[in-house]
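Reader: I would like to work through a model feature by feature. Please give the general idea each time, and then the case at hand.

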Amino acid sequence: MATADSNHVAVDINEVTFRYGNIRALDGLSLTVPSGISFGLLGPNGAGKTTLIRLLVGLLKPKRGSVHVLGEVPSRHTASRVGYMPQLHSLYTELSIRQNVEFFARINGLTDRTERAQRVEDTIRLVDLWSRRNDSVTKLSGGMRQRVSLACAIVHNPPLLLLDEPTVGLDPELRVTFWEHFANLNEQGVTIIVSSHTMDDAAHCDCLAFMRNGRVIAEGSPDELRGDTGQTTLEDAFLYYVRSEEGDRA
Ligand SMILES: Nc1ncnc2c1ncn2[C@@H]1O[C@H](COP(=O)(O)OP(=O)(O)O)[C@@H](O)[C@H]1O
Ligand SMILES: [Mg+2]
């Protein structure tokens, strides 16, 4: 679990508040994510998951509080050590699969041509799209586009992955494949932070933060969250925390 030693902490968020005008998207949120695990940000639409991930990527700056990613304040420098899969695809639809993955490899610092070509091939093979490598993204199904997005996020071998709802719209088989990839990456020491609003994903995570209204309302492993609330499903555990939070406020 998390320790104060920054070598074992991938992400450290301290009392972060973020507003879009009058809307408070994050409300004094604190979270520590240990290295090498799959950590799930679970919560309904509007909970603040995307905002939190965008702060970790360095696309947004906190109004209050601090964010550290791999021991540093997120910046252009940390960006090349992070793999980011946005909630909406940011693929170049007129380019082929291979050109897209190649582009992300290049902007993320894989400068050596031979090494880059090999990584691009390995990554496209990993997501099982090598036979389609020269097809433009416009020709692909939603699930295939999601696999290309994942390939773009992991091609430069980053030690930290920030995946914003990577499994939305995937069929059950592909969802299982994604989680197998994530488990393999964890074994290689990669930290994965994944947001989701389905408890189906939650069960695959080593550790979860239940989020609501820009705050973490509970944190722990799936077993802990179920056990601590006396519930058999994570849905019910989530509702238990929502109700006890509302009870506290009443
Ligand atoms: N660009 C934006 N401008 C204004 N409000 C926003 C913007 N992005 C998100 N919000 C608001 O911030 C809150 C958190 O949103 P978001 O981080 O997208 O949550 P989630 O990813 O959990 O659905 C919501 O109330 C949402 O409406
Ligand atoms: Mg979101």
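This is a predicted model: local features need pLDDT of at least 70, side-chain atom pairs count only at pLDDT 80 or more; totals for chains, interfaces and linings use all residues.

Reader: How many helices and strands does the protein chain have?

Author: The protein chain has 9 helices and 9 strands.

Reader: What does the radius of gyration say about the protein chain?

Author: The idea is to compare it with the value for a compact globule of 250 residues, which is near 18 Å; the protein chain has 18 Å, so the two agree. The extents of the C-alpha trace along its principal axes are about 60 × 35 × 35 Å. As for burial, 38% of the 250 residues count as buried. Of the contacts between residues at least 6 apart in sequence, 66% join residues at least 24 apart.

Reader: How should I read a helix pair, and at what angle do α3 and α5 pack?

Author: Take the angle and the distance between axes, then the handedness, then the residues in contact. Helix α3 (residues 97–107) and helix α5 (residues 142–154) have axes 8 Å apart and an angle of about 25°. Angles under 35 degrees count as roughly parallel, and therefore α3 is roughly parallel to α5. Their crossing is right-handed. From α3, Ile97, Asn100, Val101 and Phe104 meet Val148, Ala151 and Cys152 of α5. By type, the residues of this contact are 6 nonpolar, 1 polar and no charged.

Reader: Is Asn100 buried or exposed?

Author: The test is a count of neighbours, with 20 or more other C-beta atoms within 10 Å making a residue buried. Asn100, in helix α3, has 26 and is therefore buried. Leaving aside residues up to four places away in sequence, Asn100 touches Leu91, Tyr92, Leu95, Val137, Val148 and Cys152. Asn100 and Val148 are 48 residues apart in sequence, yet their C-alpha atoms are 8.0 Å apart in space.

Reader: At what angle do the axes of α8 and α9 cross?

Author: The axes of helix α8 (residues 222–229) and helix α9 (residues 234–249) cross at roughly 60° and come within 9 Å. That angle makes α8 oblique to α9. The crossing is left-handed. Pro222, Leu225, Arg226 and Thr229 of α8 make the contact with Leu234, Ala237 and Tyr240 of α9. These residues divide into 5 nonpolar, 1 polar and 1 charged.

Reader: How many residues of helix α1 are buried?

Author: In helix α1 (residues 49–57), 7 of the 9 residues are buried, so α1 is largely enclosed by the rest of the structure. The buried residues are Lys49, Thr51, Leu52, Ile53, Arg54, Leu55 and Leu56. After α1 comes Gly58, with a positive phi near 95°.

Note on methods
Residues are numbered from 1 along each chain as its sequence is written. Chains are lettered from A and ligands numbered from 1 in the order in which they are written. Axes are lines fitted to C-alpha atoms, for helices over the stretch in contact, and angles run from 0 to 180 degrees between N-to-C directions. Helices (H or I, at least four residues) and strands (E, at least two) are DSSP runs, numbered from the N terminus. Angles under 35 degrees count as roughly parallel, over 145 as roughly antiparallel, 65 to 115 as roughly perpendicular and the rest as oblique. A crossing is left-handed if the near helix is turned anticlockwise from the far one by less than a right angle, and right-handed if clockwise. Two residues are in contact if their C-beta atoms, placed from the backbone, lie within 7 Å. Ala, Val, Leu, Ile, Met, Phe, Trp, Tyr, Cys and Pro count as nonpolar, Asp, Glu, Lys and Arg as charged, and the others, Gly among them, as polar. The radius of gyration is taken over C-alpha atoms; the globule rule is 2.2 Å times the number of residues to the power 0.38. A residue is buried if 20 or more other C-beta atoms lie within 10 Å of its own, exposed if 12 or fewer, and partly exposed in between; C-beta atoms are placed from the backbone.
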